[in-house]
Amino acid sequence: MPDLEERYRAYLTCLNERRFDDLADFAHDPVVHNGRTLGISDFRTLLERDSAEIPDLTYVIEGLVVQDDQVACRIRFDCTPVTDFRGLPTAGKAVSFAEHVFYRFERGKIAEIWSLIDTDAIRDQLTP
């Protein structure tokens, strides 16, 4: 089994390449996301929706810490949503923001995810 950092980087590559059929290789079924239990198909739907709403969505690691069965990452996004995003009027506007996300792995797969998107940074970019 590759180390956890390698597994995590492979997971982000999977997302960046839109290989959603491979999600079960990286996440448990079910997986817990921000306290909600999601079947792998619901988790896939969530990720596919993000990709449809933001076609140029690319996950770029800005900071990564791995300890025991946990991964913490600051992910940077520089993208142009085609629809409003998180209730913000972003349709067609280029924005940059970060996601702070923590993962707990079990047996080499993601079991839990805690995610926080910096919507204040997006809001600030939309304010004249």
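Student: Is Phe85 buried or exposed?
Tutor: A word before we start: this is a predicted model. To read burial, compare the relative accessible area with the cut-off, where under 20% means buried. Phe85 has 5% relative accessibility, so it counts as buried.

Student: Where is the place of Phe85?
Tutor: Phe85 sits in the loop between S4 and S5.

Student: And which residues does Phe85 touch?
Tutor: For this reading we set aside residues up to four places away in sequence. What remains for Phe85 is Ile54, Thr90, Phe97, Ile117 and Ile122. Sequence separation and spatial distance can also be read side by side: Phe85 and Arg19 are 66 residues apart in sequence, with 23 Å between their C-alpha atoms.

Student: What about Arg86, in which loop is it found?
Tutor: Arg86 also belongs to the loop between S4 and strand S5 (95-106). Its relative accessible area is 48%, so Arg86 is partly exposed.

Student: What is the phi of Arg86?
Tutor: The general idea is that most residues other than glycine have a negative phi. Arg86 has a positive phi, near 55 degrees, and is not a glycine.

Student: Which other residue has a phi near 55 degrees?
Tutor: Look at Asp68, again a residue other than glycine with a positive value. Asp68 lies in the loop between S3 and S4. With a relative accessible area of 70%, Asp68 is exposed.

Student: How many residues lie between the strands in that hairpin of S3 and S4?
Tutor: Two residues lie between the strands, and the hairpin is where Asp68 takes its positive phi. To read the pairing, look at the sense and the number of bridges. Strand S3 (residues 60-67) and strand S4 (residues 70-79) are antiparallel partners joined over seven bridges. As one place to look, Ile61 faces Ile75 in S4.

Student: In which sense do S1 and S2 pair?
Tutor: S1 and strand S2 (residues 36-38) are antiparallel, with three bridges. Val31 has Leu38 of S2 opposite. In this hairpin too there are two residues between the strands, and Asn34 takes a positive phi near 50 degrees.

Student: And in which sense, parallel or antiparallel, do S1 and S6 pair?
Tutor: Strand S1 (residues 27-33) runs parallel to S6, and three bridges join the two. Follow His33 across, and you reach its bridge partner Ile113 in S6.

Student: Which residues is Ile113 in contact with?
Tutor: First place it: Ile113 is part of strand S6 (residues 109-117). Beyond neighbours within four places in sequence, the contacts of Ile113 include Val31, Val32, His33 and Asn34. Phe43, Val101, Phe102 and Tyr103 are also among them. At 4% relative accessibility, Ile113 counts as buried. For a distance along and across the chain, take Ile113 and Ala27: they are 86 residues apart along the chain, and their C-alpha atoms are separated by 10.0 Å.

Student: Which peptide bond is cis, with omega near 10 degrees?
Tutor: The background is that most peptide bonds are trans. Here, the bond from Asp29 to Pro30 is cis, with omega near 10 degrees. Pro30 has its place in strand S1.

Student: Now for the whole chain: how many helices and strands does it have?
Tutor: The protein chain has three helices and six strands. Read from the N terminus, their order is α-β-β-α-β-β-β-β-α. The radius of gyration is 15 Å, close to the 14 Å that the globule rule gives for 128 residues, so the chain is as compact as a globular protein of that length. Along the principal axes, the C-alpha atoms fill a box of roughly 50 × 30 × 25 Å.

Student: How many of the contacts join residues 24 or more positions apart?
Tutor: Among contacts with a separation of 6 or more, such pairs account for 51%. Buried residues make up 38% of the 128 residues.

Definitions and conventions:
Residues are numbered from 1 along each chain as its sequence is written. This is a predicted model: local features need pLDDT of at least 70, side-chain atom pairs count only at pLDDT 80 or more; totals for chains, interfaces and linings use all residues. Side-chain values use heavy atoms; hydrogens and water are left out. Two strands pair if DSSP finds at least two bridges between them. Helices (H or I, at least four residues) and strands (E, at least two) are DSSP runs, numbered from the N terminus. The radius of gyration is taken over C-alpha atoms; the globule rule is 2.2 Å times the number of residues to the power 0.38. Buried means under 20% relative accessible area, exposed over 50%, partly exposed in between (1.4 Å probe, protein chains only). Contact means heavy atoms within 4.5 Å.
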